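Please look over the sequence and the model below before reading on. The briefing that follows is grouped by topic.

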Amino acid sequence: MISPLFSQLLLPFILAMFLAMNMGGSGTAPAFSAAYGSNVLKRGAIPGLFGIMVFLGAIIAGKGVAITLGKGLIPFHLMNIPLTSTILFSISISLLFANILGVPQSTSQSTVFALIGPSIYFHVFNSKLLFTEIIPTWFILPLIAFVIAFIAGKTFLKNEKKIYTGNKTKILKAIVIFTSLYVAFAIGSNNVANASGPISSMVLNELGIVTENSNFILIMILSTLVVAPNFGIGSSLFGRRVLESTGKEIIDLGPKSAATISIITASLLLLASIIKGIPSSLVQLNTAAILGIGIARFGRRKILRNSTVKKFWFIWIVAPLFAFTLSIFLTWMLDLCGCF
């Protein structure tokens, strides 16, 4: 007979898997839109490659972000089954909304805002971590990505060819594929924690285990084994529209531009994951780099007036606020029902 506790744990784990599928759909764009947009990879090959590299990134480099999201924004003792389910559900719905519209949304920002809602409700809001570390990183890293990409667009990418022949084609395609895999690895180091972090704290809390880092990391690894494979499933289900909107509808990329964008965005995200453990937005880093190269090569007016870019700005503001509002509302409702 199944223990009542384990049967109760099914709901948050199912929600974590659903969230991972939505993150897979959203994360496919920054990982492979450059390769897809430059016609280096076919869409059918992307979900499998994406899922494998996300899993490796989470296991090898995802510890810091998982600790931040699992224990940094909400005290460990509050992460019970109802609250964790509320947070995961709020993030999932906000991402599903963005995926349906074909906009690659920041999972990290939706997650942070979904965690902030209950922390404000319970008067345990960690403003120092949010305003001195997380939010500055959200603004600084995309700016750095834009500047580096703009300089690249003005220099060695200025007159990039779209078509190459001979061995040069094979070398460039190999570089683009490698850098796309590098981006997927970086996504694993940062985004898997959006699900595994809260889940790990909840499991330790419900089992009454002391929240030492060694315990947390062990549960986080086990949670990752459940969560990460769903990124590939989500990429297959939701990835097509976001690939089209990011890889084809902003600018038409060549292979050198594609590789440059991937290296810039993945490197910045890995720095945030490994050095500080800060949940950061790869989709915004990716789009900032695409805009940097696009403006350098085609002009500010043509790129910024693009209807796809305008839609991105709108959804990036609305989705995290929606996650915040939904999580604080559901927390209030659960509190009225005596779940805390």
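## Leu 291 and the model as a whole

Leu 291 lies in helix α12; helices (H or I, at least four residues) and strands (E, at least two) are DSSP runs, numbered from the N terminus. The model is predicted, so local features need pLDDT of at least 70 and side-chain atom pairs count only at pLDDT 80 or more, while totals for chains, interfaces and linings use all residues. Residues are numbered from 1 along each chain as its sequence is written, and side-chain values use heavy atoms, with hydrogens and water left out.

**Overall make-up**

- The protein has 14 helices and zero strands.
- Read from the N terminus on, its elements run α-α-α-α-α-α-α-α-α-α-α-α-α-α.
- Of the 340 residues in the protein, 57% are buried; buried means under 20% relative accessible area, exposed over 50%, and partly exposed in between (1.4 Å probe, protein chains only).
- Among contacts between residues at least 6 apart in sequence, 87% join residues at least 24 apart, where contact means heavy atoms within 4.5 Å.

**Helix α12**

- Leu 291 counts as buried because its relative accessibility is 5%.
- Leu 291 and Ala 145 are 146 residues apart in sequence, yet their C-alpha atoms are 9.5 Å apart in space.
- In α12, 16 of the 17 residues are buried, so the helix is largely enclosed by the rest of the structure.
- The 17 residues of α12 should span 24 Å at 1.5 Å a residue, and its end C-alpha atoms are 24 Å apart, which agrees; the expected span of a helix is 1.5 Å times one less than its number of residues.
- At the start of α12, a side-chain oxygen of Ser 281 comes to within 3.1 Å of the backbone nitrogen of Gln 284.
- Such a polar contact is a pair of N or O atoms within 3.5 Å; within protein, one must be able to donate a hydrogen and the other to accept it, and residues adjacent in sequence count only if both atoms are side-chain atoms.
- Gly 299 follows α12 and has a positive phi, near 100 degrees.

- The buried residues of α5 include Thr 107, Gln 109, Leu 115, Gly 117 and Pro 118.
- At 1.5 Å a residue, the 15 residues of α5 should span 21 Å, and the end C-alpha atoms of α5 are 22 Å apart, which agrees.
- Ser 119 is part of helix α5 and counts as buried, at 1% relative accessibility.
- The side chain of Ser 119 reaches the backbone oxygen of Ile 116 at 2.7 Å.
- Not counting residues up to four places away in sequence, Ser 119 touches Leu 73, Ile 74, Val 124 and Phe 125.
- His 123 sits in the loop between α5 and α6.
- Is His 123 buried or exposed? His 123 is exposed, with a relative accessible area of 72%.
- Although His 123 is not a glycine, its phi is positive, about 60 degrees.

- Helix α2 (residues 46–61) has 16 residues and reaches 22 Å from its first C-alpha to its last, close to the 22 Å expected at 1.5 Å a residue.
- Among the buried residues of α2 are Ile 46, Phe 50, Met 53 and Val 54.
- Ala 66 is in helix α3 (residues 63–72) and is buried, with a relative accessible area of 0%.
- Ala 66 touches Ala 193, Ser 196, Gly 197, Phe 216 and Met 220, not counting residues up to four places away in sequence.
- Ala 66 and Ile 199 are 133 residues apart in sequence and 9.6 Å apart in space, C-alpha to C-alpha.

**The largest pocket**

- The largest pocket holds about 490 Å³ of space.
- The pocket is lined by 16 residues, and the closest to its centre are Trp 138, Phe 139, Pro 142, Gln 284 and Trp 313.
- On a 1 Å grid over the protein atoms alone, a pocket is an open set of points where a 1.4 Å probe fits, with protein on both sides within 12 Å along at least five of seven lines; lining residues have an atom within 4 Å of a point.
- Grid points are joined across faces, edges and corners, and a volume is the space filled by probe spheres set on the points.
- α5 (107–121), α6 (127–154), α12 (282–298) and α14 (307–336) each supply at least two residues of the lining.
- The largest share of the lining, six residues, comes from α6.
- The lining residues divide into 14 nonpolar, two polar and no charged; Ala, Val, Leu, Ile, Met, Phe, Trp, Tyr, Cys and Pro count as nonpolar, Asp, Glu, Lys and Arg as charged, and the others, Gly among them, as polar.
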